[in-house]
Amino acid sequence: MADVKSSNSDQASASLPHVSREAFRDGMAHLAGAVNIVTTDGPAGRAGFTATAVCSVTDTPPTLLVCVNLNSSVAHSFLENTAICVNTVGPDLDALAMDFGGKLPVEDRFVEEDWSAGVTGAPCLKGASVSFDCQVTARQEIGTHAVLFCEVVNVTRAEHPRASVYYARKFHALES
């Protein structure tokens with residue numbers, strides 16, 4: 001697995017002031033993000049969490065970036081396993097997204113919905129608008145989070161997808 005190197009100078013970033021944690025979090029509450037249930041399975045066990053911290057990196061090779069809180073109950077599984085699936089969900093799965101957001105213990109999160117193993121072995125949610133089955137190729141720890149770089153090996157799209165975004169600390173339905 002590759003280590004990611006920063007092109008910024010440590011000296012330059014150390015001299016600039018930072019906003020407070022609260023100001024940053026309040027600002028981020030106004031940055032809309034797709035609602036994703038990110039899952040893994042492998043030697044470190046099956047786990048999943050809800051995330052908006054997912055984005056495209058490049059299409060050559062197709063790669064997503066996923067951020068995982070190092071203090072979360074699922075961090076160990078995501079740091080040890082290499083198979084993950086990013087399942088983007090719509091309003092019909094908002095309750096499941098809440099469950100994966102920490103409302104249920106890790107071992108109870110996969111009980112309610114229909115899951116299948118992706119090409120990588122990661123759990124893919126059959127009701128997702130789109131599922132990106134990925135292989136983790138690099139990790140970088142930054143502050144409280146690990147950034148995972150994930151090459152996409154398979155994409156499954158729903159016939160009639162719907163999406164939810166998380167904005168101002170609430171779910172909002174998007175219609176096409």
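Tutor: Ile 142 counts as exposed, with a relative accessibility of 52%. For that label, exposed means over 50% relative accessible area, buried means under 20%, and partly exposed is in between, using a 1.4 Å probe and protein chains only. This is a predicted model, so local features need pLDDT of at least 70 and side-chain atom pairs count only at pLDDT 80 or more, while totals for chains, interfaces and linings use all residues. Residues are numbered from 1 along each chain as its sequence is written, and side-chain values use heavy atoms, with hydrogens and water left out.

Ile 142 sits in strand 10 (residues 130-142). Strands here are DSSP runs of E with at least two residues, helices are runs of H or I with at least four, and both are numbered from the N terminus. From C-alpha to C-alpha, Ile 142 is 9.6 Å from Cys 67, although the two are 75 residues apart in sequence.

Now to the buried side of things, and to strand 3. Five of the five residues of strand 3 (residues 36-40) are buried, so the strand is largely enclosed by the rest of the structure. Asn 36, Val 38 and Thr 40 point one way, Ile 37 and Thr 39 point the other way, and all are buried. What does strand 3 pair with in the antiparallel sense over five bridges? One partner is strand 4 (residues 47-51), antiparallel over five bridges, and another is strand 7 (residues 83-88), also antiparallel over five bridges. Pairing here requires that DSSP finds at least two bridges between the strands. Ile 37 has Thr 50 of strand 4 as its bridge partner, whereas Thr 39 has Cys 85 of strand 7. Six residues separate strand 3 from strand 4 in their hairpin, and there Gly 42 takes a positive phi near 160°.

Asn 81 is buried, at 1% relative accessibility. A polar atom of its side chain lies 2.8 Å from the backbone nitrogen of Ala 44; a polar contact is a pair of N or O atoms within 3.5 Å, where within protein one must be able to donate a hydrogen and the other to accept it, and residues adjacent in sequence count only if both atoms are side-chain atoms. Leaving out residues up to four places away in sequence, Asn 81 touches, among others, Thr 40, Gly 42, Pro 43 and Arg 139, with contact meaning heavy atoms within 4.5 Å.

Finally, look at Arg 109, in the loop between helix 4 (94-103) and strand 8 (115-117). Where does the side chain of Arg 109 reach at 2.7 Å? It reaches the backbone oxygen of Gly 48. Arg 109 is buried yet has no salt bridge, and the nearest side chain of opposite charge, Glu 107, is 7.6 Å away. A salt bridge needs a side-chain nitrogen of Lys or Arg within 4 Å of a carboxyl oxygen of Asp or Glu; for charge, Lys and Arg count as positive, Asp and Glu as negative, and His and the chain ends are not counted. Phe 49 is also in contact with Arg 109, as are Ser 73, Leu 96 and Asp 99, among others.
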